[in-house]
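Dear colleague,

Please find below the structure that I am handing over to you. My findings follow directly after it.

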Amino acid sequence: MSKEKDYLKFQLRRKITGLFKNFFFLLEDLNLEDEKYQKLRKRVLDYGNDAIREIEEDINKFDIHIWNLNFCFLLKQ
């Protein structure tokens with residue numbers, strides 16, 4: 001696997017994990033009973049992990065390469 005794909009997957013996992021945490025904070029603000037909280041927490045984790053897997057499957061379908069391009073601009077003086 002390419003370094004570019006690994007980097008992209010890492011960044012997407014990191015962002016989706018951040019969403020998990022934010023959803024957990026929202027759930028905590030609702031002051032739910034523990035049983036209800038645990039059920040919703042599991043659902044957030046399941047949906048998030050499913051999203052990560054689906055995104056990674058889609059990324060694997062592409063060849064991803066990052067080119068470093070140097071542009072030289074000539075300024076009229």
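In this predicted model, the axes of helix α1 (residues 3-29) and helix α2 (residues 34-59) come within 10 Å and cross at roughly 165 degrees. Here axes are lines fitted to C-alpha atoms, for helices over the stretch in contact, and angles run from 0 to 180 degrees between N-to-C directions. Helices (H or I, at least four residues) and strands (E, at least two) are DSSP runs, numbered from the N terminus. The two helices α1 and α2 are therefore roughly antiparallel, a label for angles over 145 degrees. The crossing of α1 past α2 is right-handed, that is, the near helix is turned clockwise from the far one by less than a right angle.

On the α1 side, the residues making the contact (heavy atoms within 4.5 Å) include Leu8, Leu12, Ile16, Phe20, Phe23 and Phe24; on the α2 side, they include Leu40, Val44, Leu45, Gly48, Ile52 and Ile55. The residues of this contact comprise 14 nonpolar, two polar and six charged. Ala, Val, Leu, Ile, Met, Phe, Trp, Tyr, Cys and Pro count as nonpolar, Asp, Glu, Lys and Arg as charged, and the others, Gly among them, as polar.

As to length, α1 has 27 residues and reaches 39 Å from its first C-alpha to its last, close to the 39 Å expected at 1.5 Å a residue. The expected span is 1.5 Å times one less than the number of residues.

Asparagine 31 lies in the loop between α1 and α2. Its phi is near 50 degrees, a positive value in a residue other than glycine. At 67% relative accessibility, asparagine 31 counts as exposed (over 50%).

Overall, the chain has two helices and zero strands, and 19% of its 77 residues count as buried.

Residues are numbered from 1 along each chain as its sequence is written. Local features need pLDDT of at least 70, side-chain atom pairs count only at pLDDT 80 or more, totals for chains, interfaces and linings use all residues, and side-chain values use heavy atoms, with hydrogens and water left out.

Yours sincerely

Note on methods:
Angles under 35 degrees count as roughly parallel, over 145 as roughly antiparallel, 65 to 115 as roughly perpendicular and the rest as oblique. Buried means under 20% relative accessible area, exposed over 50%, partly exposed in between (1.4 Å probe, protein chains only).
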